[in-house]
Amino acid sequence: MPPYYVRRQGHFNLATGETMKNRTTGIALIVYSLLFVGLFVLEGTRESLGFIDADNPQVMMAFLAERIDIFTYTGQLYILMGFAVAALAADKWAKSRESSSLMVGMGAFFLPIASGLFLTNGVLRIAAPGTLLHMASYNEEWGIAGYLAVQMAGTQGLALAGGMAMSAWAATFSLGCIQTKNYPKFLPWLGLLGFVHILAYMFGPLLPDSLPVYPLYIISIFGMPLWFLLLGLAELQNSRD
């Protein structure tokens with residue numbers, strides 16, 4: 001039997017069929033979730049070196065001058081995240097063409113957006129440090145102003161928008177999977193944390209402080225990587241069935 005055929009449910013499919021698609025999705029999701037955790041580890045490294053206040057541009061410029069490598073590593077992780085999401089997007093886009101589900105189609109739309117945002121942020125974080133330090137060597141205020149521009153456009157813009165797009169995909173994908181039996185029952189419901197992430201971010205500043213919006217937002221931030229990891233493992237399991 002040619003190696004590029006696989007046996008599935010009593011008939012032969014090309015290896016680019018459902019089994020390989022599930023495997024690609026599973027690997028991409030697991031890689032994405034681990035890279036996400038890696039960003040938090042690097043953030044903890046910054047704090048362990050004594051640069052606690054990330055909102056102080058003078059502190060962050062001092063951190064950049066001392067450990068430019070950590071800033072570069074975060075850029076590399078964002079680029080790898082972009083590639084992982086791109087692989088996921090290609091796989092889900094192929095599936096969306098075979099499905100009439102509105103949720104599947106919407107999900108395929110959000111993924112390439114997230115990939116582009118992560119890639120752009122990664123390139124920005126790698127390219128910016130040398131330029132910022134060079135500017136600061138002429139005038140410290142120039143370097144601080146440049147850092148603020150990178151911070152607002154990158155971390156506060158591209159990275160958060162990429163996470164928002166991933167949450168939108170997770171929520172729409174989960175809605176489309178609630179009635180299926182392809183995944184553990186809790187998994188689609190956990191994926192609805194994506195809606196919590198989006199709504200808390202959009203409307204949280206407008207709601208009274210008495211409402212637990214911020215705790216829900218934090219739960220969604222840490223809950224989404226866990227969901228991506230669990231979904232990736234489930235997809236790998238489905239590829240073996």
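Guide: In this predicted model, the largest cavity is lined by F173, S174, C177, Y183, L187, P188, W227 and L231. Its volume is about 40 Å³, and the structure holds 1 cavity of 30 Å³ or more. Rolling a probe the size of a water molecule over the atoms shows where empty space is left. By class, 7 of the lining residues are nonpolar and 1 is polar, with no charged residue present. Helix 5, helix 6 (186–191) and helix 8 each supply at least two residues of this lining. Helix 5 gives the most, with 3 residues.

In soluble globular proteins, nonpolar side chains tend to be buried together.

Leaving aside neighbours within four places in sequence, W169 is in contact with L29, L88, K92, G107, A108, F110, L111, W227, F228 and L231.

The largest pocket is a separate topic, and its volume is about 1,100 Å³. Its lining has 36 residues, and the closest to the pocket centre are F40, E43, Y78, T155 and L160. Helix 1 (18–48), helix 2 (57–66), helix 3 (68–96), helix 4 (102–138), helix 5 (140–177) and helix 8 (213–240) each give two or more residues to the pocket lining. Helix 5 again has the largest share, here 9 residues. The pocket lining is made up of 23 nonpolar, 8 polar and 5 charged residues.

Two of the residues closest to the pocket centre, Y78 and T155, are touched by N121, whose contacts beyond four places in sequence are Y78, G154, T155, L158 and A159. N121 is found in helix 4. N121 counts as buried because its relative accessibility is 0%, and buried means under 20%. The C-alpha atoms of N121 and G162 lie 9.2 Å apart in space, although 41 residues separate the two in sequence.

S115 is also placed in helix 4. At 6% relative accessibility, S115 counts as buried. Not counting residues up to four places away in sequence, S115 touches G82, V85 and A86.

As for the protein as a whole, there are 8 helices and 2 strands, and along the sequence these follow the pattern β-β-α-α-α-α-α-α-α-α. Buried residues make up 43% of the 241 residues. Among contacts with a separation of 6 or more, 73% join residues 24 or more positions apart. The accessible surface comes to about 13,000 Å², and 68% of that area belongs to carbon and sulfur atoms.

Technical notes. Residues are numbered from 1 along each chain as its sequence is written. This is a predicted model: local features need pLDDT of at least 70, side-chain atom pairs count only at pLDDT 80 or more; totals for chains, interfaces and linings use all residues. Side-chain values use heavy atoms; hydrogens and water are left out. On a 1 Å grid over the protein atoms alone, a cavity is a set of points where a 1.4 Å probe fits but cannot get out, and a pocket is an open set with protein on both sides within 12 Å along at least five of seven lines; lining residues have an atom within 4 Å of a point. Grid points are joined across faces, edges and corners, and a volume is the space filled by probe spheres set on the points. Helices (H or I, at least four residues) and strands (E, at least two) are DSSP runs, numbered from the N terminus. Ala, Val, Leu, Ile, Met, Phe, Trp, Tyr, Cys and Pro count as nonpolar, Asp, Glu, Lys and Arg as charged, and the others, Gly among them, as polar. Contact means heavy atoms within 4.5 Å. Buried means under 20% relative accessible area, exposed over 50%, partly exposed in between (1.4 Å probe, protein chains only). Accessible areas come from the Shrake-Rupley method with a 1.4 Å probe; for residues, only the protein chains shown count as cover.
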